Amino acid sequence: MTRSCTKHNYLVKDVRDLPRIIHEAFKIATTGRPGPVLIDIPKDIQFAQGEYFGPDEVTSSHAYNPRTKGEPSRIAEAVAMIARARRPIFYTGGGVINAGPRASALLREFQALTGAPVTSTLMGLGAFPAADPAWLGMLGMHGTYEANHAMHDCDVMICVGARFDDRVTGRLDAFSPGSKKIHIDIDPSSINKNVRVDLPIIGDAASVLEDMIAAWKAAGHQANKAPLGDWWRQIDEWRAVQCLRYNATESVIKPQHAIQRLYELTRGRDTYITTEVGQHQMWAAQYYRFEEPNRWMTSGGLGTMGYGLPAALGVQLAHPGSLVIDIAGEASIQMCIQELSTAVQFNLPVKIFIINNEWMGMVRQWQQLLHGERYSHSYSDSLPDFVKLAEAYGAVGIRCSDPAELDEKILEMINSDKPVMFDCRVEKNENCLPMIPSGKAHNEMILGDVEDIGNVIGAAGGGLV
């Protein structure tokens, strides 16, 4: 039952095997591409007694040693391709985060040498600083206009620790059709799984990036300045579209504005962000800007509503002096709401910032844009009073629906030394845009909120609004 959703699993049949299995399991789970390992311990083993021994005494029964060093000839070929590129781009993912802070530092160093722009998947946010001029923002279904167009029009794509998932690629047969693709990944099964690449390099992201920097310098490569200048001028034209702009009002809080103010008021603090799953998750990825790795915890391909609050508790335990905020939706937060009692019981001052639009917003958005506005079971008309609910658990409850009071109440939340549930009442029917509609390519994005969206999606060639 668990084979398809675990990296490995064990059934313990002899208590003498238990120490070895536990140490093996941690090694398998945390090396190579990280993943869950299941240890099934039957009741008789739970009651048995055995001798414990440490990880240094383990003789593993599994030869699990992932390749971490990239093939030198392929690394040399890759840096030569990048040096010749006229429109290069770094497409980075969660593998850079998993490879540790050194990988992020090396990515920044290599970008400075090559002059190429950088974009990232949802899981890679923070590996490259959002304040850097080379940062294009997140790419994919709810990525930025400039990131998606640069991916579509690049001539050399350097994929580091990403898996070409469908939320990133859009329509596969129209994905970056004119580019040569370099794919760096520690997991051989990710190579050519979704997209055929021209040059695969199997290895740890930090190790490969370090070797690429050394090879670049040893060969005396220089950034291809003239065509790079043209490339950046094109990117600046795409940036000028200002795809993340929105119309703020004095009468109702826009969800984008709520997260933007949350970012501004927490900037400079030691802050960690977790999220649930839905529109709020995408708005957080768009409007909360990350400068460091491991400050962003979110459920990516798993798409698990309810992830954010338990994740926030874990982060707060690991970083007791830090500000930990779960950016949540009013539906997702109820999946694991009982864990608020854990926060209160163990004095974990997590902040739950609910973007409350009374809809399962991403479901409603897809029903509007892709299913002829046939709304079914996506509106929540029996929501709890979140302030009273927080108080019932012994936490602090705050509610805000007035844009003029937003800053004051956010500061009240982040300065509290207790768990806080913030009910931020926002515009109910706001769509999370820009968006690549289902079945469209990177250069067929919807930018603005439109009334007759069906005409846009159904238009020949997709079209841009």
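Q: Quick one to start: what relative accessibility does Asn-192 have?
A: Asn-192 comes out at 27%, so it counts as partly exposed. The scale is this: buried is under 20% relative accessible area, exposed is over 50%, and partly exposed is in between (1.4 Å probe, protein chains only).

Q: Before I go on, what kind of model is this?
A: This is a predicted model, in which local features need pLDDT of at least 70, side-chain atom pairs count only at pLDDT 80 or more, and totals for chains, interfaces and linings use all residues. Residues are numbered from 1 along each chain as its sequence is written, and side-chain values use heavy atoms, with hydrogens and water left out.

Q: Back to Asn-192. What is its phi near?
A: Phi of Asn-192 is near 60 degrees, which is positive, and the residue is not a glycine. Most residues other than glycine have a negative phi.

Q: Where is Asn-192 found?
A: Asn-192 sits in the loop between E7 and E8. E labels are strands (E, at least two residues) and H labels are helices (H or I, at least four residues); both are DSSP runs, numbered from the N terminus.

Q: How do E7 and E8 run, and how many bridges join them?
A: E7 (residues 180-185) and E8 run parallel, joined by four bridges. Two strands pair if DSSP finds at least two bridges between them. Asp-185 has Ile-202 of E8 as its bridge partner.

Q: Which residues of E8 are buried, and on which side?
A: Both faces of E8 (residues 199-202) are covered. Leu-199 and Ile-201 are buried on one side, Pro-200 and Ile-202 on the other. In a regular strand the side chains alternate between the two faces of the sheet.

Q: What does Ile-201 touch?
A: Beyond residues up to four places away in sequence, Ile-201 touches Gly-70, Arg-74, Ile-75, Ala-78, Ile-182, His-183, Ile-184, Asp-185 and Val-208. Contact means heavy atoms within 4.5 Å. Ile-201 has a relative accessible area of 1%. Its C-alpha is 7.5 Å from that of Ile-182, 19 residues apart along the chain.

Q: Zooming out: how many helices and strands in the protein chain?
A: The protein chain has 17 helices and 14 strands. Its radius of gyration is 24 Å, close to the 23 Å that the globule rule gives for 465 residues, so the chain is as compact as a globular protein of that length. That radius is taken over C-alpha atoms, and the rule is 2.2 Å times the number of residues to the power 0.38.

Q: What share of the residues is buried?
A: Buried residues make up 53% of the 465.

Q: What order do the six strands of the open sheet take?
A: The order is E10-E9-E11-E12-E14-E13, with parallel pairing. E10 (296-297) and E13 (396-400) stand at the edges with a single partner strand each, so one side of each has no neighbour in the sheet.

Q: Over how many bridges do E11 and E12 pair?
A: E11 (residues 323-329) and E12 (residues 351-356) pair over five bridges, in the parallel sense. Asp-326 stands opposite Ile-352 in E12.

Q: How many residues of H11 are buried?
A: Nine of the nine in H11 (residues 279-287), so that helix is largely enclosed by the rest of the structure. They include His-280, Trp-283 and Tyr-287.

Q: Is Gln-316 buried or exposed?
A: Gln-316 is buried, at 1% relative accessibility. Its place is in helix H12 (residues 308-318). Setting aside neighbours within four places in sequence, Gln-316 is in contact with Ser-322, Val-324, Leu-348, Pro-349 and Val-350.

Q: Last one: which peptide bond is cis, with omega near 0 degrees?
A: The bond from Leu-433 to Pro-434. Pro-434 lies in the loop between E14 (420-425) and H17 (453-458).
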